[in-house]
Amino acid sequence: MPTVSFTHRIDTELKTELEKIAHYDDRSAAYVANQAIKNFVEERLATRELIETGLALVEAGAPSIPADDIHNWLLSDEDQSFPASRSN
C-alpha cells in the first residue's frame, strides 16, 4: 500500500512509551504508531456504521429500548434484568 508522510506532535512521555513498545515488539515507532492509527480508524468507522444501522432501524420502526430505561438499568443493582424493547 502506498504511504505518505504525516507529521504530528505528541507528548514527550507518550513518545517515550511508544518507543518502548516498539522496542519490545522489535518494530519502529512509526510502524507501531501507524498500526495504532489504523486500528483507531477501523474502530471508529465500524462504530459509525453500527450507529447508522441502529438509527435506520429505529426510523424504520424496529423495536427499541428507550434511553431512560437504559439509563435506569445502568444505575440499578447488578441483578436487575436488562430492559425489554418496545415497539415504536
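You're looking at a predicted model, where local features need pLDDT of at least 70 and side-chain atom pairs count only at pLDDT 80 or more, while totals for chains, interfaces and linings use all residues. Residues are numbered from 1 along each chain as its sequence is written, and side-chain values use heavy atoms, with hydrogens and water left out.

**Stop 1: salt bridges**

Select Arg 86 and Asp 69. They form a salt bridge, with the closest N and O atoms 2.8 Å apart. This pair links distant parts of the chain: Arg 86 is in the segment after helix 3 (67–75), Asp 69 is in helix 3, and they are 17 residues apart. Arg 86 counts as partly exposed, at 45% relative accessibility. The term salt bridge means a side-chain nitrogen of Lys or Arg within 4 Å of a carboxyl oxygen of Asp or Glu. Helices here are DSSP runs (H or I, at least four residues), as strands are (E, at least two), numbered from the N terminus.

How many salt bridges does this rule count? The count is 4.

Next, pick Lys 20 and Glu 17, another salt bridge, whose closest N and O atoms are 3.4 Å apart. They sit 3 residues apart in helix 1, so about one helical turn separates them. Lys 20 is partly exposed at 38%, and Glu 17 is partly exposed too, at 40%.

Now try Glu 43 with Arg 44: here the closest N and O atoms of the salt bridge are 3.9 Å apart. Glu 43 has 43% relative accessibility, so it counts as partly exposed.

**Stop 2: the largest pocket**

Rolling a probe the size of a water molecule over the atoms shows where empty space is left. On a 1 Å grid over the protein atoms alone, a cavity is a set of points where a 1.4 Å probe fits but cannot get out, whereas a pocket is an open set with protein on both sides within 12 Å along at least five of seven lines; lining residues have an atom within 4 Å of a point.

Select Phe 6, Ala 30, Ala 33, Asn 34 and Ile 37: of the 15 residues lining the largest pocket, these lie nearest its centre. Its volume is about 660 Å³, meaning the space filled by probe spheres set on grid points joined across faces, edges and corners.

Which helix gives the most to this lining? Colour helix 2, which supplies 6 residues. Helix 1 (12–24) and helix 2 (29–59) each bring at least two.

**Stop 3: the second largest pocket**

Select Met 1, Pro 2, Thr 3, Asn 34, Gln 35 and Lys 38, the residues that line this pocket. About 170 Å³ of space lies in it.

**Stop 4: a nonpolar patch**

Select Phe 6, Ile 37, Phe 40, Val 41 and Leu 45, which make a nonpolar surface patch of about 530 Å². Patches take residues with over 30% relative accessible area and no salt bridge, joining like charges within 9 Å and nonpolar side chains (Val, Leu, Ile, Met, Phe, Trp, Tyr) within 5 Å. Areas come from the Shrake-Rupley method with a 1.4 Å probe, and for residues only the protein chains shown count as cover. Zoom in on Ile 37 in helix 2: this residue is partly exposed, at 44%.

Technical notes. Buried < 20%, exposed > 50% of the residue type's maximum accessible area, 1.4 Å probe, protein only.
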